[in-house]
Amino acid sequence: DAIMVLHLDANRRHAWVVSIPRDAWVPIPGHADNKANAAYSIGGPALFVRTIEELTGLRMDHLVVVEWTGIRRLTDALGGVPVSLLSPAPAGGDSLQGEVALEFSGDVAVPYLSERKHLPAGDLDRVKRQQNFLRAMLRQLLDRHTFTDPVTLRAIAVAVGDAVRVDKLLTTEEMLALAASAANLRVEDITFLTAPSSGTAMQGDASVVIYDHANAAALWQAMSHDRMDEFVAQHAQLVTAEHVR
């Protein structure tokens, strides 16, 4: 339901989270074009990683797979996650009114993150919700200095259990080293954006997102050279705002 590429700048002063819509119609190596998330169901983690690598032209150093149970457990292990939303206008109109702050438990977070049918932009709005929630969770973790506290990190890992899986090279020591290297990052240093697309279409009976290969290529090229700030300055419309519906 969520595909995100995390990039840390070499100097660790900024991080970038780029969502690839799960319904993006993309090439699956060795198979016909399909929705991006189909790679995982067709060939598991190996084909999924290969699909993302060939799509982006980037080498993925690590893979983290989080099940819905993991989202629920992690949210509850943090004591809930405070999320700011834009509320709809009275009488159920599409216009947005003001900001509403809510404390999400795991049981509230999962349906919020998986909903798309009742959102105006469908999968693209769901992506923004997922990023908004992740940003709120990261803010809580960073404010509590969780990433530099091995005891707390281990306690959260135990609470989440096998609902979160990682590749064999992402050892505990590697996780702690990565966390330590990015210890000075604040939420304001993390930019969330969505890979370029050009609307939706139908492929048979399926509604899909049209992946914009040309503009996406510029995005991944910028990422490979640590020039994401320049790309974002020219494509501000791809950045997810602080508050979403």
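Which residues are linked in a network of salt bridges? In this predicted model, the network consists of D1, R22, D23, K35, R116, D123 and R126.

View 1. L193 is found in strand β9 (residues 190-194) and is buried, its relative accessible area being 0%. When neighbours within four places in sequence are left aside, the residues in contact with L193 include W16, V17, V18, S19, Q131, L219, M228 and F231. With the corresponding neighbours of W220 left aside, that residue is in contact with V5, V18, I20, L55, T56, L58, A195 and Y211.

**View 2. E242 and its two arginine partners.** E242, partly exposed with a relative accessible area of 44%, forms a salt bridge with R135, in which the closest N and O atoms are 3.9 Å apart. Because E242 lies in the segment after α8 and R135 in helix α4 (residues 123-143), this pair ties together parts that are 107 residues apart in sequence. R135 is buried, with a relative accessible area of 4%. The side chain of E242 also meets that of R139 in a salt bridge, at 3.7 Å from N to O; R139 lies in helix α4 as well, so this second pair ties together parts 103 residues apart in sequence. R139 is partly exposed, at 29% relative accessible area.

**View 3. The salt bridge between R227 and E230.** The closest N and O atoms of R227 and E230 are 2.9 Å apart in this salt bridge, and a search of the whole structure finds 13 salt bridges. R227 is partly exposed, at 45% relative accessible area, and E230 is likewise partly exposed, at 40%.

**View 4. The buried side of α2.** In helix α2 (residues 68-77), the residues G70, I71, L74 and T75 are buried. They lie on the same side of α2 because they cover an arc of only 130 degrees around the axis. Just after α2, G79 takes a positive phi of about 80 degrees.

Note on methods:
Residues are numbered from 1 along each chain as its sequence is written. This is a predicted model: local features need pLDDT of at least 70, side-chain atom pairs count only at pLDDT 80 or more; totals for chains, interfaces and linings use all residues. Side-chain values use heavy atoms; hydrogens and water are left out. Buried means under 20% relative accessible area, exposed over 50%, partly exposed in between (1.4 Å probe, protein chains only). Helices (H or I, at least four residues) and strands (E, at least two) are DSSP runs, numbered from the N terminus. The arc is that of the directions from the helix axis to the C-beta atoms. Contact means heavy atoms within 4.5 Å. A salt bridge is a side-chain nitrogen of Lys or Arg within 4 Å of a carboxyl oxygen of Asp or Glu.
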